[in-house]
Amino acid sequence: MLLCILAPVLVHILHLCSYAFLHLCSCTSSTCPAQVPMMSPNGSVPPIYVPPGYAPQVIEDNGVRRVVVVPQSPEFHPGGHTVIHRSPHPPLPGFIPVPTMMPPPPRHMYSVTGAGDMATQYMPQYPSSQVYADVGLSPHMFQQFIALGSVGVGQLIALTLGLGADAHSTHGRSNFRDERSSKTYERLQKKLKDRQGTQKDKMSSPPASPQKCPSPISEHNGLIKGQSASGVNTGSARNKSGRGKGCTQVDSEIEEKDEETKAFEAFLSNIVKPVASDIQARTILLTWSPPSSLINGEANETAVPELCSYEILLSSTGKEGKYRSVYVGEETSVTLNDLKPATDYHAKVQAESSSIKGIPSEAESFTTLSCEPDTPNSPRIANRTKNSLTLQWKAPCDNGSKIQSFILEWDEGKGNGEFCQCYMGSQKQFKITKLSPAMGCKFRLSAKNDYGISDFSEEVLYYTSGCAPSVPASPTLTKAGVTWLSLQWSKPSGTPSDEGISYILEMEEEASGYGFKPKYDGEDLSYTVKNLRRSTKYKFKVIAYNSEGKSNPSEVVEFSTCPDKPGVPVKPSVKGKIHSHGFKITWDPPKDNGGAPINKYVVEMAEGSNGNKWDMIYSGATREHLCDRLNPGCYYRLRVYCISDGGQSAVSESLLVQTPAVPPGPCLPPRLQGRPKAKEIQLRWGPPLVDGGAPISCYAVEMSPAEKDEPRDVYQGSEVECTVSSLLPGKTYSFRLRAANRMGTPLINGADVTEYRLEWGGVEGSMQICYCGPGLSCELKGLSPATAYYCRVQAMSVVGAGPFSEVVACVTPPSVPAIVTCLQEISDDDIESPHFSPSTCLAIRWEEPYDHGSEILAYSIDLGDKQPLSVGKVTSYVIDSLQPDTTYRIRIQALNSLGAGPFSHTIKLKTKPLPPDPPRLECVAFNHQNLKLKWGEGTPKTLSTDAVQYHLLMEDRNGRFVSLYRGPCHTYKVQRLSEFTSYKFCIQACNEAGEGPLSREYVFTTPKSVPSALKAPKIEKINDHICEITWEYLQPMKGDPVIYNLQVMVGKDSEFKQIYKGPDTSFRYSSLQLNSEYRFRVCAIRQCQDPVGHQDLVGPYSTTVLFVSQRTEPPASASKDTVDSVRTRRTLSDEQCAAVILVLFAFFSILIAFIIQYFVIK
């Protein structure tokens, strides 16, 4: 049932595949027919459409079924295969329609005989000769296509879909040929030729020509493309013959070209391997000859190229290893550089000409010479103490010769660039001793073998351990931002400039409750703390540390971040009624002040509804302003912005205000127009200077006779001229003019003044009403001295307000200075004076006050009980000669030529107590390597919370004092010193008042060291009364000779007596008595040759050796045994006896515990 459903679909797919293949063949006619293998995914063979006269044959080869199209003949009936016959259905149209245009195929039922076999019934097939004729495809080409591989539905679909992209490509037939498909193609082509050869013997007649097959011309409206009227496809025949001829010619040219290329490649490959000469450790010379024209003793006819390039291939991993190109050029010799010494190399040469490369030559093998070692890496620090440095290093490449020794050099901590040898040997580490704390030394390393010494490594600087750093100064603020603070600090006092110290910066946010937290840990002396809150106070302290520990934190300082710019103020609004000459505006503060209070507001105004020329009309802290001296009937735009410590805000939205219009101002008198007549005159006038903010709508002319004061209107209208008639000749008339706008006409003056308004201000453009009343004078108080003020007056009547008078400026007289503000103490860290002492000095500063018109000449500082101090024109001063640990109340006033100004506010400052004097330093214990120093009075172990701290310093080799100890203890042991060497020390005491003065220099000298203890002497018996005692030899100690003192004790209860003193290391004792015990010991004595006199330093005695004298037996063997027993007995020392007893005791203890565990407890 499934096959019935899929059969029509397969028919459509096969139709499309056939058409696509024919189209592909027509597009690639210039490159011969394409051969496309197709595989079936399920192994079944679909129906194949073949030209008339041909039949498909299914062949199975190694499990792969292939369809071969062969000519059909009466004799050809292969058994075991199904032959697909032609169906009686109508022929296929001349073009293959798309699936949506194709008519549904007839439904047929097919029976499947087995997997992979075709149906036994005939399958429908349309004749395709017409399709072949459309594209000029011969059946032989189609047969070659079908014979190349198995046809499967999946591959047919892939071929159909892929033809759209590759059908017009000139290289379409080679796109699918990978290595596997090429081999399959060659194998199938070979089998096809063999099968065709077999079929030629069986066939008695040639295959029918497809051009002679009948074509259904009548079904397609006449002639088919490429056919003549007689039905012969002449065009197709011509195309076929042309294609075959062109394809044969191209193949012959390619074969001829391939032969020439192969011959030329053979010529380039006939090159001899290069010759190695002048072999050095890192260079070699390679030479070679051009390719030879003789191949196997015969001359090669290939033309020798004029220009040939060569490529040298080099390998250091064996002949079969990976080769890399090291030279490309036209020369026949090259010098290779940068080779590895004592390394096996293999070199080949390859010739190339005209982009054709020959086969590389045989490999030439050579070995570079050995040389001195490579430059070693710098030594690294393995361990450090206050008096030693342990260095380690790795061996560099020996370059073919074993490294014999390493040479380590140092600058002895002098830092002058001069190096001397401190170690030479085969070890890979060395310990430098007898150094000073916090001492920096430079080192460099080289290696030596049989061929020489390598270059020195890079210089490295290492420091010995020192003491923990002293308390650093508090950090200072370099720059502040809205969300960041930049801080810097300095190294602790007494720290060498080249000592590596790290710092921890800790911060505490105000009111956070989390305490101090680290913000930075590094070696820099500055840091920027970011992501802070604006306008917020933060506390900081810094801690210094090195490998020895941390210092105490510095004093806490407090800094604040800057405020941000304030927000935009609210749009201003009008307060009260809008008058014709002014109005009052008010505004609200911004919602966000940026973290700082608003210092002032600035109001700007522009005339006109669209005016952009903004003028500042107000600047102050109040949030309202009276805008006056405006013109009636005009538009004004106003905006406001604010300023704080954080900066200037953006401007607010603008407010548009229009002042109301007023009646126009007075007009100029009318003038006479022409000559007056007897009974009439003609008048003319101009508009008033002030229109009142509205256009003039009407003029009124009044006339009155000279003898009467009874004016009457003679004209009203909008014209600016009129004619007055009905006058009496010879009479005098007076005329006056007034104008009117939409607000009316101005009132005639003549009313009494009811009051006066006085405006007063420090800025000419910003004055406020300070008096309003009927008086003709006013007294103003609370003015600032030496300040310019501006005023103007205006009269008022029942009619209204008159115009303002001229602005008058006046200046108040000078006065005494203003009060001093911002009086504060200067911290000790900000004072750079070397003579400043916080115990007897106080530093203050202030801001210069306003001088009130007279220059400030001096300042008077009041200290309370003491006489006031008079200082010059300064803003800071250090008050000295004060009492330590005393509180003072300080205030200050400024003085000028007019007198003294008021005192400032009072501040309380307290001097610090005096730093303690340095204690007396003394040496209480010493030896050749240690000095125990003591100072002051106190217990050896004192808590670190004591008020007084001590700082002990010692002079190093460079003549500078370095810190040894800082703490509350009263003793310190200086260790790892050199014998008979003088050392300088000084000490200072510190408390909360600061560091006290340094003491004088104390010089302590270590004594010479006594010789070390010798090993137990060896005793050899000579005879019954003589024995020989020998002991080890000690080298002279720094030029001082060493002698030895040998003592003996006879018996057990006697004392040791000296029997020898001298430089020898052996002594014969001849007072032996038989059957007696003798105990011997020896010590070394250093004879010091001092300028002050001779001195002997006696070292400790060696271990006592017991010797028992016994009679010697006559037999030699017995004598030998006795000597051996004596030697064995005398070699057992007291310490060894104790060790044996201890081992036996431990053994018996373990044995008893074992017995108790297993036999008693269990």
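Trainee: By the rule for salt bridges, to how many does the count come?

Mentor: Side chains of opposite charge can pair when their charged atoms come close. Here a salt bridge is a side-chain nitrogen of Lys or Arg within 4 Å of a carboxyl oxygen of Asp or Glu, and by this rule the count comes to 29. Please keep in mind that this is a predicted model, in which local features need pLDDT of at least 70 and side-chain atom pairs count only at pLDDT 80 or more, while totals for chains, interfaces and linings use all residues. Residues are numbered from 1 along each chain as its sequence is written, and side-chain values use heavy atoms, with hydrogens and water left out.

Trainee: Which residue forms a salt bridge with Glu721, and where do the two partners lie?

Mentor: The partner of Glu721 is Arg684, and the closest N and O atoms are 2.9 Å apart. This pair links distant parts of the chain, with Glu721 in strand S41 (residues 721-724) and Arg684 in strand S38 (residues 681-684), 37 residues apart. Strands (E, at least two residues) and helices (H or I, at least four) are DSSP runs, numbered from the N terminus.

Trainee: How many aromatic pairs does a search of the whole structure find?

Mentor: A pair of aromatic rings is described by the distance of the centres and the angle of the planes. Rings of Phe, Tyr and Trp (its six-membered ring) pair if their centres lie within 6.5 Å; planes under 30 degrees apart count as stacked, over 60 as edge-to-face and the rest as tilted. The search finds 31 aromatic pairs. One of them is tilted, formed by Phe264 and Phe267 at 6.1 Å centre to centre, with 35° between the planes. Both residues lie in helix H6 (residues 234-269), 3 residues apart, about one turn of the helix, and Phe264 and Phe267 are both buried.

Trainee: Which residue lies over the face of Trp614?

Mentor: A charge sits over a ring if NZ of Lys or CZ of Arg is within 6 Å of the ring centre and within 35 degrees of the ring normal. Arg639 lies over the face of Trp614, at 4.1 Å from the ring centre.

Conventions:
Buried < 20%, exposed > 50% of the residue type's maximum accessible area, 1.4 Å probe, protein only.
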